[in-house]
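Let's take a walk through this structure together, one region at a time.

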Amino acid sequence: MSVLNLNKMFKPESVALIGASDTNGALGNVVMKNLISGGFSGPILPVNPKYKYVNAVLAYQDIKALPIVPDLAVICTPAKTIPDLIKELGERGTRAAIVLSAGFHESIDGQSLKQHMLDAAKPYGLRILGPNCVGLLIPSLGLNASFAHTNSLTGNLAFVSQSGALCTTILDWAKSRGIGFSYFISLGDNADIDFGDLLDYLGSDQSTHGVVLYIESVKLARKFMSAARATSRNIPVIVIKSGRVAEGAKAATSHTGALSGSDDVFDAAIRRAGMLRVNTINNIFDAVETLARARPIKGNRLIILTNGGGPGVLATDHLITSGGRIAELSSETIQELNKLLPPTWSKANPVDIIGDGDANRYVNALKVLIKDPNYDAILVMLVPVAVIDNKEVAMAVAKEIEKTNKPILTCWMGEDGVAEGRRIFEQEGIPSYDTPDSAIQAFMQIVEYGCNKENLIETPPSIAEGINQDQARASTQKIIENTLQDKREILTEPEAKNILSAYGIPIVETKIANNVDEVISAADKLGYPVVLKILSSDISHKSDAGGVLIGIDSGQILQIAAEGMLAHINKLQPTARVEGFTVQKMVANTDAYELIIGVATDPIFGPVILFGHGGVSVEVINDKAVALPPLNMKLANDLIMRTQISKLLSGYRGIPAANLEEVKLTLVKISQLIIDNPEIVELDINPLFADSKGVVALDARIKIKATDLTGSERLVIRPYPQELEEKIILDTGQELLLRPIRPEDEFAHHEFLNKTDPEDIYFRFFRAANNFSHQFLARFTQIDYDREMAFIAKTTDHKLETLGVIRAVSDSDNNEAEIAIIVRTDMQGHGIGKKLMEKIVNYCRERGIKRLTGQILPENHAMIHLVKKFNFKTQAQPEFNVIYIFLEL
């Protein structure tokens with residue numbers, strides 16, 4: 001449902017309390033007192049047949065007796081009464097309710113009370129917060145519709161929590177520190193309103209400048225991800241999540257399944273959605289304050305300026321262990337500092353200007369450091385000593401920071417002695433911290449947040465095709481169908497390798513042998529030395545079972561090895577079905593890096609892709625990172641860089657660097673493989689050898705499961721919808737390709753807009769525009785296909801020019817979409833606009849969108865003429881100098 005009727009929940013003008021009570025300590029009494037004491041200006045309507053008055057406010061016998069229709073109802077009666085009350089409220093016209101009561105797991109007529117409640121609400125579009133929640137506080141309205149023990153201060157931060165106990169703790173903690181909220185929301189069991197709904201609402205709320213989520217679990221993961229990505233574009237979203245264990249991995253049959261714990265997957269989702277995760281309550285508000293005040297930071301290189309060597313070392317230690325880097329000062333910077341600082345200064349970063357460093361010394365050093373080319377941010381630290389005035393230093397440093405746009409953080413260590421200095425930074429909006437640890441943590445949070453935000457607006461390079469995707473999908477589906485018909489879920493190694501080969505991933509040639517004689521014959525054809533493996537659909541990890549022997553260099557040894565392996569397997573796993581052996585050429589490459597690439601299926605977020613250090617000790621080394629598909633080359637690179645082995649891949653001690661482009665391309669191919677083939681639930685390539693020449697898969701296993709879902713339906717981020725591509729012929733005979741826009745269209749989109757006349761640009765954007773920045777273009781080429789669609793018309797010749805684009809952005813309920821269109825000036829009048837309009841109208845109709853809307857400038861006669869051809873209704877709005885258009889689908 002998303003934001004439907006949430007305005008009644010969060011902007012109510014009247015509130016009814018069902019189950020209000022005059023009994024001290026009763027839930028209905030506590031909530032009533034909170035409603036009154038909060039200062040809500042609208043009518044408060046207590047409902048309880050036992051009372052004429054509740055807390056001196058006139059009470060009503062039942063919902064029918066209410067003199068007005070309440071916008072919001074707060075219900076604190078027993079669970080079994082709730083479904084009927086919800087129905088009554090819906091009939092009366094109420095469209096939002098907070099259910100504080102617990103106990104909804106009881107069943108009636110084979111259905112839970114929770115479901116009965118939702119069924120009662122559905123016909124009326126009545127939205128429910130809860131059940132089993134603390135309630136809702138909206139300080140700007142004076143609304144305290146909760147049983148919290150205190151009110152909230154007014155602020156611009158929204159807090160949403162699944163934990164009621166944490167709600168009251170945070171409320172108390174924040175109030176004592178002067179932190180206020182725009183909304184304070186307890187989700188409870190989130191039977192109806194969930195995180196996705198709230199992110200959609202809060203992301204466009206003018207009074208909310210940041211959102212904090214306390215998450216225990218996520219339902220409807222695609223909806224959550226779409227809402228999170230949309231909101232993160234506008235305001236910071238900070239997440240704290242409980243449950244850092246991964247019991248689900250115990251049941252996994254692959255290395256990937258065992259390695260990709262649920263918390264790793266959640267981290268990957270947070271990263272992909274542009275949010276920031278923190279681990280403690282203190283971190284939440286530190287992070288919010290930091291992101292609100294700090295300037296953007298592009299990398300992890302930090303300069304530390306301090307008057308204390310020890311604190312500088314502490315800051316450095318924390319920086320390095322947190323994944324940051326100490327910036328290396330240029331020789332010019334060191335020479336300049338030598339002229340300004342005492343001879344005993346540190347001569348390196350951290351820049352220790354000695355304990356008696358006064359305001360002049362700090363400012364002179366800071367001026368020099370700001371000009372250095374080799375850093376991403378500066379941390380200015382001060383240790384209070386008797387011979388310097390820390391307030392004077394703070395004022396001087398703050399004035400210098402104001403002159404630059406470089407990211408600079410401060411850390412005045414201590415409490416009372418430096419309070420005035422920190423107050424100066426707070427007044428100037430400069431991030432300030434009281435310990436080196438908190439300062440470094442804040443720096444790394446900004447770095448991580450910046451990286452996550454980049455994932456929303458990055459432009460990946462185009463990938464050379466090289467793969468016949470239709471052919472790859474067809475051959476893979478044939479193998480999968482045959483396996484399912486055999487009632488197997490684990491593919492044989494040759495089957496798995498054939499699938500990889502179909503998607504252009506190099507494999508080692510592997511032959512199947514049904515008996516020892518065929519093993520010898522296969523080895524003779526391949527050439528020695530060879531690798532011998534047992535072939536059994538019942539044995540997942542062949543090495544662990546003694547089913548792998550390498551480096552066999554003669555037929556005689558091979559025969560003994562095959563007979564011994566078979567005897568060993570029969571003794572160790574007598575019930576295992578053995579289909580024979582596989583024989584492959586021994587790949588002996590001392591310069592190759594052993595990697596693992598895999599796929600696992602998370603119960604919430606669906607398929608995830610894993611990359612890491614491979615080999616037989618993969619689970620012991622445990623060096624891995626996971627990401628959500630779909631991947632492109634940029635996201636694949638980010639995935640690789642989050643592992644320790646990425647440092648080795650650059651080459652070391654005479655070993656050449658791996659061909660990183662081929663490793664990234666392999667990850668992208670695996671991403672496409674699982675999009676095309678939804679039956680694949682687990683996949684392992686271990687090891688994948690990578691050297692300077694490329695990659696080769698030495699071993700592979702795939703687990704499948706029959707499904708009715710398509711590949712894109714299982715993903716929480718909808719992949720590029722290739723099925724929507726369509727070739728058309730214009731009246732002039734020119735062939736064009738109509739297709740959804742892709743991130744790599746950014747350059748062509750820039751050229752398209754540059755070749756379009758300023759008047760047409762003005763008609764499209766309602767303002768003059770000639771400076772199309774990366775951020776601007778990324779917003780239009782990096783889209784969430786689940787909520788937005790843009791079709792472009794491209795030439796099919798070698799130029800591949802963009803000639804026109806039409807866009808539809810739907811609301812989060814998928815009821816209404818706003819459209820806009822622009823065609824390159826020199827290509828107008830050839831029917832491109834008509835073809836694009838047909839495409840978007842048909843697409844929106846198929847998606848179930850009920851209404852298309854838009855705005856046109858009155859002087860845009862060509863657009864007015866086009867929309868009338870498609871039966872759009874027009875409505876002049878002279879006060880805004882626009883014509884409003886709409887079409888019921």
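N871 sits in the loop between helix 30 (861–869) and strand 39 (873–877). Its backbone has a positive phi of about 65°, although N871 is not a glycine. Bear in mind that this is a predicted model. N871 counts as exposed, because its relative accessibility is 55% and the cut-off for exposed is over 50%.

With a relative accessible area of 74%, A56 is exposed. As background, most residues other than glycine have a negative phi, and most peptide bonds are trans.

N349 and P350 are joined by a cis peptide bond, with omega about 5°. You can find P350 in the loop between helix 12 (331–340) and strand 19 (351–352). Another cis bond runs from P629 to P630, where omega is near 5°. P630 belongs to the loop between strand 29 and helix 22.

How do helix 22 and helix 24 (residues 660–676) cross? Two packed helices are described by the angle between their axes and the distance between the axes. Here the axes come within 9 Å and cross at roughly 110°. Angles of 65 to 115 degrees count as roughly perpendicular, so helix 22 is roughly perpendicular to helix 24. On the helix 22 side, the contact is made by M633, A636, N637, L639, I640 and M641, and these meet L660, E661, V663, K664, L665, L667 and V668 of helix 24. By class, the residues of this contact are 10 nonpolar, one polar and two charged.

The model has six cavities of 30 Å³ or more. The second largest cavity holds about 100 Å³ of space. Its lining consists of A268, R271, R272, N455, V626, A627, L628, L631, L635, D638 and R642. Helix 9, strand 29 and helix 22 are the elements that give two or more residues to this lining; helix 9 gives the most, with three. Sorted by class, the lining has six nonpolar, one polar and four charged residues.

The largest cavity has a volume of about 110 Å³. Of its 13 lining residues, L491, E493, S536, I539 and K542 are the closest to the centre. Strand 24 (530–535) and strand 32 (700–704) each supply at least two residues of that lining, which divides into six nonpolar, four polar and three charged residues.

Now move from cavities to a pocket. The second largest pocket has a volume of about 1600 Å³ and is lined by 43 residues, with R271, S322, M444, E448 and R642 lying nearest its centre. The elements that give it two or more residues are helix 9 (262–272), strand 16 (276–278), helix 11 (309–321), helix 16 (436–457), strand 29 (624–627), helix 22 (633–641) and helix 23 (645–648). Which element gives the most to this lining? Helix 16 does, with 11 residues.

Our last stop takes in helix 27 (residues 758–765), where D760, I761, F763, R764 and F765 are buried. Helix 26 (746–754), helix 28 (774–781), strand 36 and strand 37 (816–823) are among the elements that cover these buried residues. Just after helix 27, F766 takes a positive phi of about 60°.

Strand 36 (residues 802–810) contains L803. Is L803 buried or exposed? Its relative accessibility is 1%, and buried means under 20%, so L803 counts as buried. Leaving aside residues up to four places away in sequence, L803 touches Q734, L736, F752, A793, T795, V823, R824, M827 and I832. For a sense of scale, the C-alpha atoms of L803 and V418 are separated by 61 Å, and the two residues are 385 residues apart along the chain.

Notes. Residues are numbered from 1 along each chain as its sequence is written. This is a predicted model: local features need pLDDT of at least 70, side-chain atom pairs count only at pLDDT 80 or more; totals for chains, interfaces and linings use all residues. Side-chain values use heavy atoms; hydrogens and water are left out. On a 1 Å grid over the protein atoms alone, a cavity is a set of points where a 1.4 Å probe fits but cannot get out, and a pocket is an open set with protein on both sides within 12 Å along at least five of seven lines; lining residues have an atom within 4 Å of a point. Grid points are joined across faces, edges and corners, and a volume is the space filled by probe spheres set on the points. Helices (H or I, at least four residues) and strands (E, at least two) are DSSP runs, numbered from the N terminus. Buried means under 20% relative accessible area, exposed over 50%, partly exposed in between (1.4 Å probe, protein chains only). Contact means heavy atoms within 4.5 Å. Axes are lines fitted to C-alpha atoms, for helices over the stretch in contact, and angles run from 0 to 180 degrees between N-to-C directions. Angles under 35 degrees count as roughly parallel, over 145 as roughly antiparallel, 65 to 115 as roughly perpendicular and the rest as oblique. Ala, Val, Leu, Ile, Met, Phe, Trp, Tyr, Cys and Pro count as nonpolar, Asp, Glu, Lys and Arg as charged, and the others, Gly among them, as polar.
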